[in-house]
Amino acid sequence: MATSDPPNMTNSAELQAQLNRLFGSFKAEWLRDDIFELFIEPTYFPDLTTARPCVLEGGRGTGKTTALRGLSYQGQAALAAKSGHAISKRPYIGLYYRINTNHVTAFSGPELTEDQWCRHFAHYVNLLLVDLILEYLDWARMQNQIGTIPTGALWQDVATALNFHSAQTYQELRQVLSEAIIKFEAYINNVRDGQRPQLSLQSKPIDLLTERLVTLSEFQGKQFFFLVDEYENLLDYQQRVFNTLIKQATPAYTFKVGVREL
């Protein structure tokens with residue numbers, strides 16, 4: 001009786017591992033950069049690329065994170081590499097940020113009034129969103145997407161708006177900003193005992209930085225998109241802070257929000 005060759009167990013194991021990696025996860029975050037290889041634009045995607053703010057609402061696993069990450073500059077760069085289209089032609093620069101429950105819930109408690117928590121949280125948002133822009137500038141420079149970024153008054157003005165010491169370049173500002181975020185998060189966790197830091201005015205550093213950047217030749221005709229994912233993790237007063245930012249945003253930037261259906 002003829003016998004067939006035994007199955008290749010190594011290939012079967014590799015195939016099973018690949019299937020589990022691609023289809024066994026229900027959270028887009030678990031796919032990491034593979035998400036861009038698998039990304040296919042949904043039919044509503046063009047609506048997200050307009051200058052107006054958008055809210056992307058849906059249940060778990062409906063593709064909110066995938067769509068927002070596809071809008072990000074990292075996603076657009078990966079998709080452009082696949083299609084052969086230049087990312088520089090995109091009229092927007094997407095900056096993805098996922099709301100971290102562990103971080104935002106620290107901004108609550110009897111140590112401060114809600115109004116004081118609002119001002120602290122607004123300052124924290126200023127720090128995070130400015131940091132996203134500076135991170136993009138670093139990436140764009142290393143990818144030769146932009147030329148030499150000028151030094152001077154812009155970075156000093158943003159540093160002043162954030163109550164920092166002097167910064168003559170975006171690299172200097174990013175370094176001091178990174179340290180400030182770590183220190184501020186440590187202070188929030190010990191707000192009862194810590195000496196209160198100087199806070200920035202809600203949205204002022206963001207407005208200042210984005211409005212100046214879009215006047216530079218590399219950014220003319222572009223708009224910054226802040227892609228805020230898992231919006232439902234924000235506390236009620238924190239959502240009011242973000243809602244104010246969305247409503248009062250300048251033409252230089254807008255928000256695309258992903259929120260679970262509630």
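Entry 1: I began with the lining of the largest cavity and sorted it by class, which gave nine nonpolar residues, one polar residue and no charged residues. I note at the outset that this is a predicted model, and that the structure holds one cavity of 30 Å³ or more. The space inside the largest cavity comes to about 70 Å³. I listed its lining as Tyr97, Ile99, Asn100, Val104, Phe121, Val125, Leu128, Leu129, Val228 and Phe242, and I found that α7 gives the most to this lining, with four residues.

**Entry 2: Tyr97.** I then followed Tyr97, one of the residues lining the largest cavity, and placed it in strand β2. Setting aside neighbours within four places in sequence, I found Tyr97 in contact with Leu128, Leu132, Leu227, Val228 and Asp229; Leu128 and Val228 are also among the residues that line the cavity.

**Entry 3: the cores.** Which residues have the most contacts inside the largest nonpolar core? I found Phe121, Tyr136, Leu137, Trp155 and Phe242, in a core of 62 residues. At least two residues of this core come from each of β2 (92-98), α7, α8 (153-161), α9, α10 (204-213), β3 (223-229), α11 (236-248) and β4 (253-260), and α7 supplies the largest share, 17 residues. For Leu137 I noted contacts with Ile146, Ile149, Trp155, Tyr170, Leu213 and Phe219, again leaving aside neighbours within four places in sequence. I also noted a second, separate core of ten residues, including Phe45, Cys54, Leu56 and Phe225.

**Entry 4: the second largest pocket.** Last, I looked up the second largest pocket, whose volume is about 370 Å³. Of its 15 lining residues, Asn163, Phe164, Ala180, Lys183 and Pro197 lie nearest its centre. The elements that give two or more residues to this lining are α7 (114-142) and α9 (170-188), and α9 gives the most, with six. By class I recorded eight nonpolar, five polar and two charged residues in the lining of this pocket.

Key: Residues numbered from 1 in each chain as written. Predicted model: local features only at pLDDT ≥ 70, side-chain atom pairs only at ≥ 80, totals over all residues. Heavy atoms only, no water. 1 Å grid on protein atoms, 1.4 Å probe; cavity = no way out; pocket = protein on both sides within 12 Å on 5 of 7 lines; lining within 4 Å. Points joined across faces, edges and corners; volume = space filled by probe spheres on them. Nonpolar A, V, L, I, M, F, W, Y, C, P; charged D, E, K, R; others polar. Core = buried A, V, L, I, M, F, W, Y, C linked by side-chain atoms within 4.5 Å. Buried < 20%, exposed > 50% of the residue type's maximum accessible area, 1.4 Å probe, protein only. Contact = heavy atoms within 4.5 Å.
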